[in-house]
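Some terms used for a structure rest on a cut-off or a comparison.

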Protein chains: 2
Amino acid sequence: MSHAWTSQMRKGVVELCVLTLLDETEHYGYQIVQRLQAIGPLALSESTVYPVLARLAGDGAIAVRVEPSPSGPPRRWYRLTAEGREQLRLMTNDWHELARGVTDLIKQTRTARRTP
Amino acid sequence: MSHAWTSQMRKGVVELCVLTLLDETEHYGYQIVQRLQAIGPLALSESTVYPVLARLAGDGAIAVRVEPSPSGPPRRWYRLTAEGREQLRLMTNDWHELARGVTDLIKQTRTARRTP
DNA sequence: ATCAGTACTCGACAATGCAGAGTACTGGCT
DNA sequence: AGCCAGTACTCTGCATTGTCGAGTACTGAT
């Protein structure tokens, strides 16, 4: 298993990743799970992704279109709405700020420790 | 206010930041709050930081030392234990992996969208 | 008939950040 | 003395969210 804290670090980030993938092109849920699992540190299961999709759809950030699948139950294709695209923009900004804040803090304290 | 998702993005990261600061040098709780509030995207309140310190101390990642304050109630100075230093190392690794994973994903989808 | 792969659903749980209120100590202002 | 701001920490309760585990349904291969 991963460490216990990795699942906490993912919080909030999952939503960002889903929106990001949908910004690229239309996706269905299972496909999103596959793509995120291909990224090691973002490997997450269906029970994580599907609720996110449901909530984003409820919020109007993404829209659904059902299409029969060649192998299995019908697929639910999701795409970004204008609202969702705007949310993605804001979230991406926040993500970059946060990531930079944390990474900088780590760097700063490292150099601070090296020169006491 | 910040957006609703920023507080979710912080999950797990707060613990990392606290450990990082303590890796630099000994700190007391209020001081940690002040320093993190100075970093815009990491601005968080006492009710966030103190529970984290309590839990880390309970886990043995940090050790406490009480000292009277020149202005106010006694300060609780925290410092990293060997255990805590190891945890910090692992968390930092995980953080960098996650951050790189997300940032790369954003970049990839951007270029993918540019060349359809 | 059985099994693997696909695609989605659901209930219950645990961790964590956060708002809000409260306590206690010091020192400055009136 | 009385009051307020700043310091330093505590506590209750809440909402959000990722995750485990199990379940359903459809297709095609063995």
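Q: How many residues of chain A are in contact with chain B?
A: In this predicted model, 35 residues of chain A are in contact with 35 residues of chain B. A pair counts as a contact when the C-beta atoms lie within 7 Å. Helix 1, helix 2 and helix 5 (82-114) of chain A each give two or more residues to the side that touches chain B. The largest share comes from helix 5 of chain A, with 16 residues. By class, this side of chain A has 18 nonpolar, ten polar and seven charged residues.

Q: How do you know through which surface the copies meet?
A: Of the interface residues of chain A, 100% are also interface residues in chain B, so the copies meet through the same surface.

Q: Which residues of helix 5 of chain A are called buried?
A: A residue is buried if 20 or more other C-beta atoms lie within 10 Å of its own. In helix 5 of chain A the buried residues include A:Leu88, A:Met91, A:Trp95, A:Leu98, A:Ala99, A:Val102 and A:Leu105. An α-helix has 3.6 residues a turn, so residues three or four places apart point the same way.

Q: Why is helix 2 of chain B called mostly covered?
A: Nine of the twelve residues of helix 2 of chain B are buried. Among them are B:Val13, B:Glu15, B:Leu16, B:Cys17 and B:Leu22.

Q: How do you know how chain A compares with a compact globule?
A: A compact globule of 116 residues would have a radius of gyration near 13 Å, whereas chain A has 17 Å. The C-alpha atoms of chain A fill a box of roughly 65 × 35 × 20 Å along the principal axes. Of the residues of chain A, 28% count as buried.

Q: In what order do the elements of chain A run?
A: Chain A has five helices and three strands, and from the N terminus on they run α-α-β-α-α-β-β-α.

Q: Which residues come nearest to DNA strand C?
A: A residue is near the strand if its C-beta atom lies within 6 Å of it. There are 30 residues around DNA strand C, and A:Gly29, A:Gly72, B:Val14, B:Leu44 and B:Ser47 come nearest. Helix 4 of chain B gives the most to this surface, with five residues. The classes are ten nonpolar, 13 polar and seven charged residues.

Q: What surrounds DNA strand D?
A: DNA strand D is surrounded by 29 residues, with A:Leu44, A:Ser47, B:Gly29, B:Tyr30 and B:Gly72 the closest. Helix 4 of chain A gives the most to the surface near DNA strand D, with four residues.

How values were computed: Residues are numbered from 1 along each chain as its sequence is written. Chains are lettered from A and ligands numbered from 1 in the order in which they are written. This is a predicted model: local features need pLDDT of at least 70, side-chain atom pairs count only at pLDDT 80 or more; totals for chains, interfaces and linings use all residues. Ala, Val, Leu, Ile, Met, Phe, Trp, Tyr, Cys and Pro count as nonpolar, Asp, Glu, Lys and Arg as charged, and the others, Gly among them, as polar. Two residues are in contact if their C-beta atoms, placed from the backbone, lie within 7 Å. The radius of gyration is taken over C-alpha atoms; the globule rule is 2.2 Å times the number of residues to the power 0.38.
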